[in-house]
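Hi,

Here's the structure I said I'd pass on.

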Amino acid sequence: MTGLRLNELLDPVMQIAYEAGRLIESEVNRPGGPRGSGFKADVDIEIEVLLRQRLKHILNCDFVGEETVNELSGHPFSWVVDPNDGTADFLNRRRGSAISIGLLHNATPVLGVVYAPVTPRGPDCIAWAEGVTALLRNSRPVENDLQSAILAPGTVVMVSYGATQKAKQNALLCDPASVLPMTSIAYRLARVAAGDGVAAVSLYSVSPHDLVASHALLRAVNGDIWNEKGEPVRYATPQAFTRNLTFCFGGAPAACSELLGRPWHCLKDSGHVP
């Protein structure tokens with residue numbers, strides 16, 4: 001990696017995430033609520049512009065975001081960001097949207113910071129980079145290993161807030177684990193990496209900018225992400241950045257394998273998806 005120490009990048013990236021988080025906090029506290037409608041908030045572009053400037057100052061490489069023009073030159077490194085994952089819920093004043101900052105090296109997620117500045121549990125930052133001995137949660141090390149985790153009583157599967165509309169069906173699909181509906185697939189996956197659950201599910205279309213940061217976090221604890229066909233998600237070509245996933249299952253390999261075998265399409269067909 002030409003002498004680059006990824007562990008030395010982690011704290012500066014976390015500081016950038018905190019800076020961006022203050023913009024989200026300001027929108028949440030704004031009289032009249034956040035600006036925007038539907039799936040677009042004004043602050044999304046403002047945050048991505050900030051992230052592009054700050055991150056490329058730390059490491060000037062390719063850049064992939066949700067709101068602005070992608071830069072894909074073939075550089076071995078690429079920042080992959082979502083400035084405010086969970087925008088629709090954010091605009092509906094639900095807590096838990098997250099800033100997602102990932103770094104790929106030769107298509108492998110090697111650094112991830114997922115920061116949810118406004119949640120029911122308070123500000124929550126989950127971070128890791130290659131060379132760091134343990135996952136960090138709010139700057140404190142977290143010991144977790146998903147390698148042998150399974151669906152079992154007392155475990156949790158995290159699904160989208162929309163799952164509240166079909167609570168019984170989701171409970172059956174996740175049995176014997178409990179179901180936790182929440183916003184932001186990036187934050188759901190990050191919380192699984194941090195030990196709050198064994199798997200996270202999305203039946204909404206997701207893109208690489210939603211996943212790369214939390215994918216790095218899952219790598220740190222022997223987890224992974226799979227698409228609707230049960231194939232591991234990878235980022236091998238530039239085309240991968242324009243191809244969305246229909247379903248997404250992330251977390252413990254055994255738990256996700258079992259979930260993938262269940263009839264999630266019944267929720268998709270009903271129009272109430274997790």
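**Helix packing and a few other bits**

Leu-9, Pro-12, Val-13, Ile-16, Glu-19, Ala-20, Leu-23, Ile-24 and Glu-27 of H1 are in contact with Val-43, Ile-47, Leu-50, Leu-51, Arg-54, Leu-55 and Ile-58 of H2. Sorted by class, the residues in that contact come out as 13 nonpolar, no polar and three charged. As for the geometry, H1 covers residues 6-28 and H2 covers residues 42-58, and the two pack at an angle of about 165 degrees with their axes 10 Å apart. That makes the pair roughly antiparallel, and their crossing is right-handed.

Before going further: this is a predicted model, so please read everything here with that in mind. The average pLDDT for the protein is 90, and 94% of the residues score at least 70. The stretch to watch is residues 270-274, where pLDDT is below 50. In the model, that stretch still has 22 contacts beyond near neighbours in sequence.

Next up is H5, residues 185-193. Is it enclosed or open to the outside? Nine of its nine residues are buried, so H5 is largely enclosed by the rest of the structure. After H5 comes Gly-195, with a positive phi near 105 degrees.

H5 also packs with H6 (residues 208-220): their axes come within 9 Å and cross at roughly 0 degrees. The two helices are therefore roughly parallel to each other. On the H5 side, the contact uses Ile-185, Ala-186, Leu-189, Ala-190, Val-192 and Ala-193, while H6 brings in Asp-210, Leu-211, Ser-214, Leu-217 and Leu-218. By class, that gives nine nonpolar residues, one polar and one charged.

Leu-260 is partly exposed, at a relative accessible area of 23%. Which residues does Leu-260 touch once its neighbours within four places in sequence are left aside? They are Trp-226, Asn-227, Glu-228, Gly-230 and Phe-249. Lys-229 is 31 residues away from Leu-260 along the chain, yet the C-alpha atoms of the two are separated by 8.2 Å.

That's what I have so far.

Cheers

Technical notes. Residues numbered from 1 in each chain as written. Predicted model: local features only at pLDDT ≥ 70, side-chain atom pairs only at ≥ 80, totals over all residues. Heavy atoms only, no water. Axes fitted to C-alpha atoms, helices over the stretch in contact; angles between N-to-C directions. Helix = DSSP H or I, 4+ residues; strand = E, 2+ residues; numbered from the N terminus. Parallel < 35°, antiparallel > 145°, perpendicular 65-115°, else oblique. Left-handed = near helix turned anticlockwise from the far one by under 90°. Contact = heavy atoms within 4.5 Å. Nonpolar A, V, L, I, M, F, W, Y, C, P; charged D, E, K, R; others polar. Buried < 20%, exposed > 50% of the residue type's maximum accessible area, 1.4 Å probe, protein only. pLDDT = per-residue confidence, 0-100.
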